[in-house]
Amino acid sequence: MPVSATTRPETVATTVARSINDFRVAVSDAFVPLQVTSGPRQRDGFRSVMRGAAVDEVHVTDLRATPHAVERTPELLARGGRNYFKLSLMLSGTGLLIQDGREAVLEPGSLAVYDTSRPYSLVFDDDFRSMVVMFPHHLISLPPDLVGELTAVRIAGDEGVGAVVAPYLTQLAVNLDQLAGNVGARLAHSALDLVTTVFTRELGLDEAGGDPHRALMQRIRAHVDRNLASTELSPASIAAAHFISTRHLHALFQEQGTTVSTWIRERRLEQCRRDLADPLYADRAVAAIAARWGFVDAAHFSRAFKAAYGTSPSDYRAAR
């Protein structure tokens, strides 16, 4: 039977697939192009139900399905497209995630991240339910290569920071309708902030006894985020605040494949983009939002925003 879909108000949609081929189409449309095969224990015919919501480039999906395997192959990667992180929270059943030479067995309550820019596999031998949050690399403040150290690593959802984040994500899966309302963007961004906190903890960036080099970079990135509104934020002020030379600072960012000024600009633009998508700031002038995040020249901000996102700030806001 064909895929059947019913769209709920605004951003929430439910898709039911009753064959593996229909499911392949559905997941490729909802996420990125994937190869899908039936699980070895499939006995009574395939079935899946996906409820999904998308807000401000964050895709949240509640997926229930019978056994199957999905694979992001090199051939599919060659087709191009945007690069996303996908964070999976197992709600029931078990799964196996494979990426970057690592394997993670996912059980109810466990979290794991994977990157659509590189091959990966997911295998589910029994019926399961999972919640998946998919978002572009640029939406979190950690460099992709750093997050890449966590792909296919099981993160416990019942202890530490995971015990705070997992219940929040579970509630998002249960209450997807809330993402369709005026607070949807804020809920999605809160989820990403919590996810970033989990990654930071798992990478040991917030521990004094961790890698001093990484810890310094994390302190610098946090300093930048805290001071984005300041027109005094510059390589010189950042270096002085961390008792290092500007030359050392530039070298640190060069190792990350970027520059200090580029990082500051990207973080400022991202905060402006969030505000432009937030109904709570609908009555605030674009120039005022730009100034709030350190852009003193409105024309320069408009050019930078269009270069980054392909549309003007005003048109971006109007399309929300």
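In what follows, Ala, Val, Leu, Ile, Met, Phe, Trp, Tyr, Cys and Pro count as nonpolar, Asp, Glu, Lys and Arg as charged, and the others, Gly among them, as polar. Please keep in mind that this is a predicted model.

**The largest pocket**

Where does the largest pocket lie? Domain 1 (13–203) and domain 2 (212–319) both contribute residues to its lining, so the pocket sits between them. Its lining is made up of 18 residues, and His137, His138, Ile140, Trp263 and Glu266 are the ones nearest the centre. Helix 9 (260–277) and helix 11 (298–309) each give at least two residues to this lining, with helix 9 providing the largest share, six residues.

**The largest cavity**

The structure has one cavity of 30 Å³ or more. Around it, two or more lining residues come from each of helix 1 (20–30), strand 6 (68–72), strand 7 (84–92), strand 11 (120–124) and strand 12 (128–136). Which element gives the largest share of the lining of the largest cavity? That is strand 11, with three residues. In total, 15 residues line the largest cavity, and Phe31, Leu63, Val70, Tyr114 and Leu122 lie nearest its centre.

**Space and lining at a glance**

| Space | Volume | Lining by class |
|---|---|---|
| Largest pocket | About 450 Å³ | eight nonpolar, six polar and four charged residues |
| Largest cavity | About 130 Å³ | 11 nonpolar, three polar and one charged residues |

Definitions and conventions: Residues numbered from 1 in each chain as written. Predicted model: local features only at pLDDT ≥ 70, side-chain atom pairs only at ≥ 80, totals over all residues. Heavy atoms only, no water. 1 Å grid on protein atoms, 1.4 Å probe; cavity = no way out; pocket = protein on both sides within 12 Å on 5 of 7 lines; lining within 4 Å. Points joined across faces, edges and corners; volume = space filled by probe spheres on them. Helix = DSSP H or I, 4+ residues; strand = E, 2+ residues; numbered from the N terminus. Domains from an automatic or database assignment.
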